[in-house]
Every structure is written in C-alpha cells, then in structure tokens.
Amino acid sequence: MTEPRDTLYANPLAQVDSFSFDQQVVDVFPDMIKRSVPGYPTIVNMIGSLAERYVTAGSHCYDLGCSLGAATLAMRHRIQNANCKIIAVDNSPAMIQRARQVIAADGQDEVPVEFIEGRIQDVTIEHGSLAVLNFTLQFIDVAERPALLNTICNGLNPGGVLILSEKVAFEDKPHEELMTELHHNFKRANGYSDLEIAQKRAAIENVLLPESLAAHRERLRAAGFSSVDVWFQCLNFASIIAIK
C-alpha cells in the first residue's frame, strides 16, 4: 500500500504554527522523514545491526521518542538473545496510538514491546543494553539534555550502548550555510517545493534546536560514556555511538 504523501506545507499558510507531532504529521510521517532526513533508512537499518551486536539476554532496550516505531521494529527483528524487552516512549498520543498498531501488525512476538505515553525525561532506565534517541534529543530543551543523558547512562549495563541521531549545527558559518543549502537541495530532489521548504523551516526553527557534534561528544562523555564517536553522517545529520 502506498504511504500518504507529505503535503502539509504545499499551500501558502496565513500563519505558520510551530511544528508538533499531531495527527496530520502522523498520517504522513514515513514519507516526511524519508524525504527530509538524508540517510534515515540506513540509520534505522543499522540500529537493527547494533541491536544484534549489543543486546544481551534479559536486558531492556529503549526507543526514546519512538514515533511510529521504526527503530523498535529494527531492534525487534535483530535481537538474538532471550528474555529481552523493548520500552518504546513518546509524548505524542497520536504517535503512540499508530505505533501500537504498527507493532501489533508485525507478527513477531518473541520480543515484547511496552509502550509508554509520556516525556522521555520521566522514564526510568534500568537493566539497559541499548537505548536509542533517534532524532529526539533535538526537540528537548537544551537545559534538560545533560540530566536525560545522565539518566540513560546510569541505567545502562556496563558495555551498554546509546545511539544518538541528530540534526547538527556547525561552528564554521560558511560550512553551516553550505550544509543548509545542500539539505534544501536534497529536499528539492525529493519533490519538496521552495514554499514547502520555507514554511517547514519556519514551523520548526524554534522547536528543533541543533547543536554541534563537539557539544554532543562533550555532554556524552560528561554523562559517563567511555567511548563516543560518529558512525554516520550525511550533510547536517549524524548518528553517534556512545558506549558505557
């Protein structure tokens, strides 16, 4: 079945409201993220590979900001060890409702999934072998990010892994401008018009707050991760592996 196409910003809007993960976004989210985030399918696929590598028997996996459950599915299909559970968390009721439907239709019941509707900052992390923040931290207030990463690291078992995928900012202004230009070209190549790009940017500019890779590395090390580095980057989107 063809997934609905993202046309949320295709027509001129009298007022561009701040972006939120409401029902209209949920309805087009798979198309939106594939056409907006370079390398997204690769990142999701590799989350599955990392689950196969790092998830240990009897441990918990966390999909923090699970949206429609893409990372949850990737982990679920590749976990090799017994008695594992995935905890999938999102504060959007519409996202959680659709994610439940996605997992229910998956047909794989060896790895149970527990859904939590709420803030990821309020979730208890324990007995963790793998945690995923897949383009989630960027929507959390900057002041709350250190405490969240501390909580995640403290709740992971020794050798546990955090996968942190983010839109990133660059300290060098010309490079930042170049990456922004190339990202907009990526969107145009995927069928978005200049109007759609401009209106989406206006909607999200005060909601999505990117930081530099250096800031992410420093914060992750301060949280207690011993090994921190980028495993994937395309333009201004990157994914980091942090090992406790």
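This is a predicted model: local features need pLDDT of at least 70, side-chain atom pairs count only at pLDDT 80 or more; totals for chains, interfaces and linings use all residues.
Modeller: Residues are numbered from 1 along each chain, and side-chain values use heavy atoms, without hydrogens and water.

Biologist: What makes a space a pocket, and what is the volume of the largest pocket?

Modeller: On a 1 Å grid over the protein atoms alone, a pocket is an open set of points where a 1.4 Å probe fits, with protein on both sides within 12 Å along at least five of seven lines. The largest pocket holds about 1,100 Å³, a volume being the space filled by probe spheres set on the points.

Biologist: Which residues lie closest to the centre of the largest pocket?

Modeller: Of its 47 lining residues (those with an atom within 4 Å of a point), Phe 21, Gln 138, Phe 139, Ile 204 and Leu 208 are the closest. Helix α6 (173-189) gives the largest share of this lining, 5 residues; a helix here is a DSSP run of H or I, at least four residues.

Biologist: What makes a residue of the lining of the largest pocket count as nonpolar, and how many are there?

Modeller: Ala, Val, Leu, Ile, Met, Phe, Trp, Tyr, Cys and Pro count as nonpolar, Asp, Glu, Lys and Arg as charged, and the others as polar. By these classes the lining has 23 nonpolar, 14 polar and 10 charged residues.

Biologist: Which helix supplies the largest share of the lining of the second largest pocket?

Modeller: Helix α1 does, with 6 residues. That pocket, of about 360 Å³, is lined by 17 residues, divided into 10 nonpolar, 3 polar and 4 charged.

Definitions and conventions: Helices (H or I, at least four residues) and strands (E, at least two) are DSSP runs, numbered from the N terminus.
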